[in-house]
Amino acid sequence: MNRVISVSVNNKAGVLNRITALFMRKGFNIQNLTVGVTETPGLSRITIVMNETDDAALEQVIKQLYKQIDVLKVTDLTQQPMVARELALIQVNSPVAQRSVITTIIEPFRASVIDVGRDTITVEATGKAEKIDALIALLRPYGIKELARTGLTALARDVAMVTEARRVSEGNVISI
């Protein structure tokens, strides 16, 4: 099972380099990595997906991350309820005659056409990696000219809402 770790850090030069160097020194492979600013000015969130790792190795990684001066919070999201998405931009060869076919293909994936050129269209898709993979497989016969994927970005779900949803699903709600 892949491990998903969310790391809140100070948004300073060199922080990402020090964190990735830590993984390199310890011999851990990062499957994907996304970084972006947060709702708090001066802070960034790094989402790291590691290949299959045992609990002891994960604990070691978390302890080593906390030793980094600019790391404020580390959360293992793997076993928690979370919202996780990936973004893909796919530029597909598309003569005018094929555009309606491609539009029909992307519709069930809730993908959208975000740019139209003379011979290509660019499709934007978000969702789980499996969904993105399936869309790419369907578009491949039409000729993918360029492809860019972000990797996984994740946030923990609101614990109170998850608890309430479980209570409702178990039938423990008392109606008045």
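This is a predicted model: local features need pLDDT of at least 70, side-chain atom pairs count only at pLDDT 80 or more; totals for chains, interfaces and linings use all residues.
I started with the ACT domain: UniProt lists "domain: ACT" for residues 4–79, in an unreviewed entry. UniProt positions follow the numbering used here, feature names are shortened, and annotations may be inferred rather than shown by experiment. Over residues 4–79 I got 32% helix and 38% strand, with the end C-alpha atoms 9 Å apart.

Residues are numbered from 1 along each chain as its sequence is written, and side-chain values use heavy atoms, with hydrogens and water left out.

Next I looked at the whole protein chain, which has five helices and nine strands (DSSP runs numbered from the N terminus: helices are H or I, at least four residues; strands are E, at least two). Along the sequence I read β-α-β-β-α-β-β-α-β-β-α-β-β-α. The protein chain is more spread out than a compact globule, because its radius of gyration is 20 Å, well over the 16 Å from the globule rule for 176 residues. That radius is taken over C-alpha atoms, and the rule is 2.2 Å times the number of residues to the power 0.38. I also checked the box filled by the C-alpha atoms: roughly 55 × 55 × 35 Å along the principal axes.

Then I looked up burial: 36% of the 176 residues count as buried (under 20% relative accessible area, 1.4 Å probe, protein chains only).

Last came contacts (heavy atoms within 4.5 Å). Of those with a separation of 6 or more, 72% join residues 24 or more positions apart.

Note on methods. Buried means under 20% relative accessible area, exposed over 50%, partly exposed in between (1.4 Å probe, protein chains only).
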